[in-house]
Amino acid sequence: MDLTIRKMKRKDIPAIQDIAKISWNSTYTGIIPSQIQESFLNQAYSVKMLKKQRRNSNFYVALINQELIGFANYSQVYSDDSVHLHAIYLHPEYQGKGIGSALLEIGSDQLAAEKISLHVERQNIKAIQFYKRKGFYKISEFDDELEGHTIHTIRMVWNIHE
């Protein structure tokens, strides 16, 4: 398995859109209604939004044998030396193979952050278990609205050097 992780390029946009859709559908079926997933993905992963994220955040892609199979998106480093992990999405076939860990490591290594925060849906047990294994812990829970659907969100933090 030839894994490459690099910064996102403009040409990656269609593959990122595909991975986001496949990953969301796989993860959130039974949690978030499909029409809300579709609407969210169309907005959050539009060409315009991805171009903006490419310019204004730290967006990494994971490739196996030159095929894009996942990505991670981090905010810029804040004044308190923290970053927010907006997403780690992998094609379901490649989950559990260390690629998510590699995408998490790139954020901690390349961005020189002291801590990483994230939000995860409470019913996304697989992701919560992954983050806990990596050293993240829950600091709060809150409900949010996604197009009229209530999302139960957990905020987690990883203090990298603890």
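**Salt bridges, core and pocket**

Reply: Arginine 122 has a relative accessible area of 36%, so this residue is partly exposed. The model is a predicted one.

Me: What makes glutamate 141 partly exposed?

Reply: Its relative accessible area is 38%. Buried means under 20% and exposed over 50%, so glutamate 141, at 38%, is partly exposed.

Me: Why is the pair of arginine 122 and glutamate 141 called a salt bridge?

Reply: The N to O distance between the two side chains is 3.2 Å. The cut-off is 4 Å, so the pair qualifies. Arginine 122 is in the loop between β5 and α5 and glutamate 141 in strand β6, so parts 19 residues apart in sequence are tied together.

Me: What does glutamate 141 form with lysine 138?

Reply: A salt bridge, with N to O at 2.8 Å. Salt bridges with shared partners join Arg122, Lys138 and Glu141 into one network.

Me: How do you know that aspartate 80 and lysine 115 form a salt bridge?

Reply: Their closest N and O atoms are 3.9 Å apart, and the limit is 4 Å, so the pair counts. Aspartate 80 sits in the loop between β3 and β4, and lysine 115 in strand β5, 35 residues apart.

Me: Which residues of the largest nonpolar core touch the most other members?

Reply: Tyr74, Leu85, Leu104, Ile116 and Tyr131, out of 29 residues. Another core, of 23 residues, lies apart from it and includes Trp24 and Phe59.

Me: Which strand gives the most to the lining of the largest pocket?

Reply: Strand β4, with seven residues. The pocket has a volume of about 1200 Å³.

Note on methods: Residues numbered from 1 in each chain as written. Predicted model: local features only at pLDDT ≥ 70, side-chain atom pairs only at ≥ 80, totals over all residues. Heavy atoms only, no water. 1 Å grid on protein atoms, 1.4 Å probe; cavity = no way out; pocket = protein on both sides within 12 Å on 5 of 7 lines; lining within 4 Å. Points joined across faces, edges and corners; volume = space filled by probe spheres on them. Helix = DSSP H or I, 4+ residues; strand = E, 2+ residues; numbered from the N terminus. Core = buried A, V, L, I, M, F, W, Y, C linked by side-chain atoms within 4.5 Å. Buried < 20%, exposed > 50% of the residue type's maximum accessible area, 1.4 Å probe, protein only.
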